[in-house]
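Open the model in your viewer and show it as a cartoon.

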Amino acid sequence: MSDMPAALGIELEDLTKIYAGSPEPAVDRVNMDIAAGDLVVFVGPSGCGKTTTMKMINRLIEPSSGIIRLGGKDVTKGDPVQLRRQIGYVIQSIGLFPHMTIEANIGEVPKMLGWPKGKLAARVLEVMAIVGLDPDKFAKRYPRQLSGGQQQRVGVARALAADPPVLLMDEPFGATDPITRLNMQREFRKLQQDLGKTVIFVTHDFEEALLLGDKIAVLGDRSKIVQYDTPLGLVGRPADQHVSAFVGSSVHVRLLGLITAGKVADPSIAAGPEAPQVVAGTTLRDTLDVLLGGIASVRVVGDDGKTVGGLDYAAVQRAVSGELAELAAGGTQPTGSARSLRAAAAHR
Ligand SMILES: Nc1ncnc2c1ncn2[C@@H]1O[C@H](COP(=O)(O)OP(=O)(O)OP(=O)(O)O)[C@@H](O)[C@H]1O
Ligand SMILES: [Mg+2]
C-alpha cells in the first residue's frame, strides 16, 4: 500500500513535559520501550498525562527534555512534519476539518503525500469499509452531518488512510455505542493481526485494554509507569493496590478470557468423537460457556483439524490456578498477549 515500513519500534527516554507556567511536570521522565508491531494500551486517571505523552511522540507538543526514538532513530530534533507522516493520529476530540467532506477528510494525508487519484479513492473506500461507514451515504457529507460516534469512526479511518507504521489512538472508540464499539474493537483486532502496526492506544475502559493490548501501561500521576505488562501479567500479578483496583474482583474469570484452549488442552482427557469441538484459539471463557451448556468435555482441535487434547471443568480450573502459580513465580507467558489471541481469532 505504501513505501513506508510496516512497523517501527518506539523508545521513550526520560521524556518530560513541563507546561509553561506550571510548577510541576505534566509528564515526568517516562522511560518505555514499545516493540515494533506491538499494541500498547495506556490506562490511567484523567489528567495523568496520557494525551501529553502521545502528542510529544508526534511532536504536536515539544518535549521539555528527553528523547524519542522511532525505529531506533532519534526523532526529537528533526523535522516534525516528516515525523508526522509516519504516524496516524486519532485525537481525543476527533478534530475533523468542518469545511471538508468526509472523503476529503479521510484522504487528506495520502493526498498530501501525492498519491495518484485512483489509488487515493480506492483507499478511502477501503478504510471506510474497515470502520463500517457506507461510502454511498457518508462520503459526500460534512462532519456536522454525522453523529459523534460516526465522526469518531471517520477519525480512525483518517489515521489509517496513509497506512502509517505507527498509530497513536487517543480514546478512539469513546463516543460509540456499546455494540458499535464491540464491532470496532473486533475489527481493529483483526486488522492489527494483518497489519502489525505499532500502536499506542489510550482508553479508560479496562476491558478494552485487556482485549486489545499486547501490553498495558498503567500510568499514575505525571505518567509515572505503575506497571507495564501483558494483560495476563497485569491480572495475575498486579504490582500494587492501584492496579488491583483496575483489575477488580473477577481475577479468575478475567484469566479465563486470556488463556486459550490450545495452550492447556490435556491429551489425557479423551473426549469422544461425539464431543463438541473447539478450535485451539478459543479462550477458556468461551470453552467454559460450551461446558456450561451441559457437556462433560470438549475436544480441542488445532488449525490442521487434528485433536490436540480435551478439556473438562477440572482441567479448566487446573489451567487457571496453574497460570496464577506461574505468574506468581515470575514466569511470563506470551499466551496473554493480544497478539496470540488475535492470531487465534483470525482463523475462527
Ligand atoms: N496546554 C496546556 N497547558 C498547561 N497545562 C496543560 C496543557 N495541556 C494539558 N495540561 C495539563 O497537563 C496534565 C496532563 O494532561 P493530559 O491532557 O495529558 O491528561 P490525560 O491523561 O490525557 O487526561 P484525560 O484522561 O482526561 O484525557 C493535566 O493536569 C492538564 O491540566
Ligand atoms: Mg487525554
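Predicted model: local features only at pLDDT ≥ 70, side-chain atom pairs only at ≥ 80, totals over all residues.

**Stop 1: the whole chain**

Select everything. The secondary structure comes to 16 helices and 13 strands. The radius of gyration is 22 Å, close to the 20 Å that the globule rule gives for 348 residues, so the chain is as compact as a globular protein of that length. Along the principal axes, the C-alpha atoms fill a box of roughly 60 × 50 × 35 Å. Of the 348 residues, 42% are buried. Now consider contacts between residues at least 6 apart in sequence: 68% of them join residues at least 24 apart.

**Stop 2**

Zoom in on strand 1 and strand 2, which are joined in the antiparallel sense over 5 bridges. To see one bridge, select Leu12 and its partner in strand 2, Met32.

Stay on strand 1 (residues 10-17) and select Asp14, which is found there. Most residues other than glycine have a negative phi. Asp14 has a positive phi, near 50°. Is Asp14 buried or exposed? Asp14 has 12 other C-beta atoms within 10 Å, so this residue counts as exposed.

**Stop 2: around ligand 1**

Select ligand 1 and show the residues around it. They are Tyr19, Ser22, Ala26, Ser46, Gly47, Cys48, Gly49, Lys50, Thr51, Thr52 and Gln92. Colour this shell by class: it has 3 nonpolar, 7 polar and 1 charged residues.

**Stop 3: helix 7**

Select residues 148-161, which form helix 7. At 1.5 Å a residue, its 14 residues should span 20 Å, and the end C-alpha atoms are 20 Å apart, which agrees. How many of the 14 residues are buried? The number is 11, so helix 7 is largely enclosed by the rest of the structure. Among the buried residues are Gln150, Arg153, Val156 and Leu160.

Next, show what covers the buried residues of helix 7. The cover includes strand 6 (87-90), helix 3 (102-106), helix 4 (108-112), helix 5 (117-130) and strand 7 (166-170). Then step just past the end of helix 7 to Asp163, where phi is positive at about 55°.

**Stop 4: Ser223**

Select the loop between strand 9 (215-219) and strand 10 (225-229), where Ser223 lies. Ser223 is a residue other than glycine with a positive phi, near 60°. Ser223 has 26 C-beta neighbours inside 10 Å, so this residue counts as buried.

**Stop 5: strands 11 and 12**

Select residues 277-279, which are strand 11, together with strand 12; the two pair in the parallel sense over 3 bridges. One bridge to look at joins Gln277 to Arg299 in strand 12. Finally, select strand 12 (residues 297-301) alone. Of its 5 residues, 4 are buried, so strand 12 is largely enclosed by the rest of the structure.

Technical notes. Residues numbered from 1 in each chain as written. Chains lettered and ligands numbered in written order. Near = placed C-beta within 6 Å. Nonpolar A, V, L, I, M, F, W, Y, C, P; charged D, E, K, R; others polar. Expected span 1.5 Å × (residues − 1). Buried ≥ 20, exposed ≤ 12 C-beta atoms within 10 Å, placed from the backbone. Contact = placed C-beta atoms within 7 Å. Rg over C-alpha atoms; globule rule 2.2 N^0.38 Å. Pairing = 2+ DSSP bridges.
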